[in-house]
Amino acid sequence: MIQVNGLSKEFEDRKRGMIRAVDNITFEVKKGEIFGLLGTNGAGKTTTLRMLASIFKPTTGTANVAGFDVLKESEEVRRHIGFLSGDTKLYQRLTAKEVLKYYGGLYELDSKTVDDRIEELSNLFELHDFEHKKIAKLSTGQRQRVSIARSIIHKPQLMIFDEPTAGLDPISARHIKDFIRRSREEGRTILFSTHILHEAESLCDRIAIIHKGTIGVCGDLQHIFNETSTKNIEEAFFKVVENLEDESLVRPLG
């Protein structure tokens with residue numbers, strides 16, 4: 001579902017000059033799996049996901065998402081994925097239901113399909129209690145549930161979520177994690193970023209640990225433990241981070 005080859009992204013900073021946020025990363029996400037991009041804040045997770053969602057253009061490298069080239073077929077990429085970013089804003093004056101109707105229209109769904117999807121998503125994310133409230137009046141967790149519903153109203157087979165549970169209370173976070181697991185059971189593919197170690201460990205079929213824009217190791221948990229000579233995800237994570245902090249060891253493991 002996703003193939004990434006040598007992807008890099010540079011930004012120009014007035015004070016620091018050219019900054020390489022993502023540095024020559026390569027990985028793939030298989031159909032029907034949950035793939036986690038695990039890293040600290042500033043590791044390059046968000047930049048990577050935005051390139052895959054065709055929001056940022058890569059400086060170098062290529063990526064194929066849902067069968068489409070992110071550079072040559074960016075509109076088709078956006079049409080075929082569900083993308084959730086941490087800074088995606090909802091219209092404050094609309095109700096939760098009105099937001100979903102609006103986005104359903106953007107995806108050119110007919111009115112009956114939109115209504116059916118809203119009912120389905122309201123049941124899935126328990127939106128009924130606040131679907132007629134304006135976004136401005138909702139809690140952080142409620143807004144996040146609406147945001148995810150908005151991003152998948154067109155029923156995509158591939159979903160890309162940027163730290164979907166960040167800042168949420170345990171109940172709201174559980175709703176989202178249950179949805180991610182259920183999506184895999186339905187044969188959908190999920191790529192999500194997180195800095196929460198136990199979340200990646202409990203949800204993901206495979207994980208890539210990224211630090212300073214470089215992927216240090218990628219694979220299932222056993223592969224990661226073998227490559228880092230560790231026995232748990234915390235030890236493995238810090239081992240990779242320490243290795244990548246040393247410029248002489250900035251290279252993929254395994």
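Predicted model: local features only at pLDDT ≥ 70, side-chain atom pairs only at ≥ 80, totals over all residues.
## The six-stranded sheet

Six strands make up an open sheet with mixed pairing. Their order is β6-β7-β8-β3-β9-β10. The edges are β6 and β10 (214-219), each of which pairs on one side only. Direction ignored, neighbouring strands of this sheet are turned by 15° against each other on average.

Helix α9 (residues 233-245) lies across β3 (34-38), β9 and β10. Relative to β9, α9 runs at about 35°.

Strand β7 spans residues 158-162 and is mostly covered, with five of its five residues buried. L158, I160 and D162 point one way from the strand. M159 and F161 point the other way. Residues on both sides are buried.

On one flank, strand β6 (residues 81-84) pairs with β7 in the parallel sense, over four bridges. I81 has L158 as its bridge partner in β7. L84 is partnered there by F161. Strand β8 (residues 189-194) also pairs with β7 in the parallel sense, over five bridges. Here D162 stands opposite S193 of β8.

## The four-stranded sheet

A second open sheet has four strands, in the order β2-β1-β4-β5. Its pairing is antiparallel. The edge strands are β2 (17-29) and β5 (68-69), and each pairs on one side only.

Strand β1 (residues 2-13) and strand β4 (residues 60-65) run antiparallel and are joined by five bridges. S8 has T60 as its bridge partner in β4. Helix α1 (residues 45-52) packs on this sheet, in touch with β1, β2 and β4. The direction of α1 makes about 115° with that of β1.

## The α3/α4 pair

Two packed helices are described by the angle between their axes and the distance between the axes. For helix α3 (residues 96-106) and helix α4 (residues 111-125), the angle is about 135° and the axes are 10 Å apart. The two helices are therefore oblique to each other. The crossing in which α3 passes α4 is right-handed.

Which residues meet between α3 and α4? From α3 come K97, L100, K101 and G104. From α4 come V114, D115 and I118.

## A buried residue in a loop

L127 sits in the loop between α4 and α5 (140-151). Is L127 buried or exposed? L127 has a relative accessible area of 1%; the limit for burial is under 20%, so L127 counts as buried.

Leaving aside residues up to four places away in sequence, L127 touches L100, L121, S122, R145, V146 and A149. L100 is also one of the α3 residues that meet α4. G36, by contrast, is 91 residues from L127 in sequence and 27 Å away in space, C-alpha to C-alpha.

Key: Residues numbered from 1 in each chain as written. Heavy atoms only, no water. Buried < 20%, exposed > 50% of the residue type's maximum accessible area, 1.4 Å probe, protein only. Pairing = 2+ DSSP bridges. Contact = heavy atoms within 4.5 Å. Axes fitted to C-alpha atoms, helices over the stretch in contact; angles between N-to-C directions. Parallel < 35°, antiparallel > 145°, perpendicular 65-115°, else oblique. Left-handed = near helix turned anticlockwise from the far one by under 90°.
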